Amino acid sequence: METLFSGIQPSGIPTIGNYIGALKQFVEIQDQYDCYFCIVDQHAITVPQDKTALRKNIRTLAAIYLASGIDPDKATLFIQSEVPAHAQAGWMLTSISTIGELERMTQYKDKAKDRKEGIPAGLLTYPPLMAADILLYGTNIVPVGEDQKQHLELTRDLAERFNNRYNEIFTIPEIRMPKVGGRVMSLQEPTKKMSKSDSNTKGFISLLDPPNTVAKKIKSAVTDSDGIVKYDKENKPGISNLLSMYSIFTGESIESIEKKYEGKGYGDFKGDLAQITVDFITPFQEKYEYYMNHPEILDDILDKGAEKANKKAYKMLKKMENAMGLGRKRR
């Protein structure tokens with residue numbers, strides 16, 4: 001069975017777009033791969049974090065993974081900082097990275113330009129740590145969005161560089177982009193991706209928004225003036241985005257949904273989509289609350305995940321150290 005690795009930062013509550021674009025797909029493929037799902041808290045500290053909020057976000061994200069349907073008997077769910085090999089391997093890969101290739105990373109340039117009080121070095125060295133996350137597990141598949149594709153290309157470059165320079169120990173991971181239709185757009189600006197950092201809270205649906213708030217956000221979503229429920233991403237991005245959500249949650253084709261609402265207006269369509277979304281989010285939140293209200297169960301799952309991840313990552317770390325000549329050679 002091939003290995004799949006994915007990491008999500010504990011930096012706020014994921015949106016329904018994160019669920020559709022990532023978490024839902026993880027649940028669907030956890031039977032097909034040996035999956036490692038990592039809460040990458042060490043990546044989160046590349047920008048300032050409140051320690052109390054960060055610890056809460058870590059537990060929240062773990063509970064959200066489980067509420068989404070991740071089965072800890074099938075997949076490995078763990079916290080990055082509880083597996084020391086990540087930071088150790090990250091440093092080793094940083095040592096074979098060049099300043100030029102790290103400075104070329106688009107995310108580094110975007111985040112660095114907004115820093116008023118100096119640029120944290122962690123923003124620059126983020127990609128080698130991400131590469132370590134992936135390479136430690138002999139990962140074959142990494143499902144990523146467009147914004148992380150450049151980092152994955154660097155991961156492949158570093159793996160090949162290490163293999164050629166020292167010893168051929170790394171699997172070269174494949175980049176797997178999300179399925180078509182997995183991208184959910186803002187409810188208020190449907191030409192841009194839904195984001196939890198959007199200053200307009202009406203633009204996104206948090207997975208922990210109260211059901212009545214969810215319904216209101218969908219009913220107030222931006223559409224257009226012609227009132228025809230038809231998919232046309234270029235000319236009707238708002239209703240097209242809502243049609244995609246409807247299709248994903250119900251399993252119905254967009255064509256059959258369009259026929260269902262022939263002669264009906266956006267009010268009927270939005271009202272039905274609001275109810276469909278609430279019908280999803282209510283049991284989701286009940287599962288989430290179960291894990292948050294039973295910390296001993298959540299901790300047991302994370303402990304077991306860390307134990308399994310540590311065993312696998314440590315073996316690869318030793319191979320890396322031996323290849324580079326670190327430590328003592330045991331006689």
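Trainee: How many cavities of 30 Å³ or more does a search of the whole structure find?
Mentor: Rolling a probe the size of a water molecule over the atoms shows where empty space is left. Here the search finds two cavities of 30 Å³ or more, a cavity being a set of points on a 1 Å grid over the protein atoms alone where a 1.4 Å probe fits but cannot get out, with lining residues having an atom within 4 Å of a point. This is a predicted model, in which local features need pLDDT of at least 70 and side-chain atom pairs count only at pLDDT 80 or more, whereas totals for chains, interfaces and linings use all residues. Residues are numbered from 1 along each chain as its sequence is written, and side-chain values use heavy atoms, leaving out hydrogens and water.

Trainee: Which residues line the largest cavity?
Mentor: The largest cavity, with a volume of about 60 Å³ (the space filled by probe spheres set on the points, which are joined across faces, edges and corners), is lined by Met105, Gln107, Tyr108, Lys111, Leu123, Tyr126, Pro127 and His151. Two of these lining residues also meet in another way, as the charged end of Lys111 sits over the ring of Tyr126, 5.8 Å from its centre (NZ of Lys or CZ of Arg within 6 Å of the ring centre and within 35 degrees of the ring normal).

Trainee: What is the volume of the second largest cavity?
Mentor: The second largest cavity has a volume of about 50 Å³, and its lining includes Ile8, Pro10, Asn57 and Lys196.

Trainee: Where does the charged end of Lys217 sit?
Mentor: The charged end of Lys217 lies over the ring of Phe204, 4.9 Å from its centre.

Notes
On a 1 Å grid over the protein atoms alone, a cavity is a set of points where a 1.4 Å probe fits but cannot get out, and a pocket is an open set with protein on both sides within 12 Å along at least five of seven lines; lining residues have an atom within 4 Å of a point.
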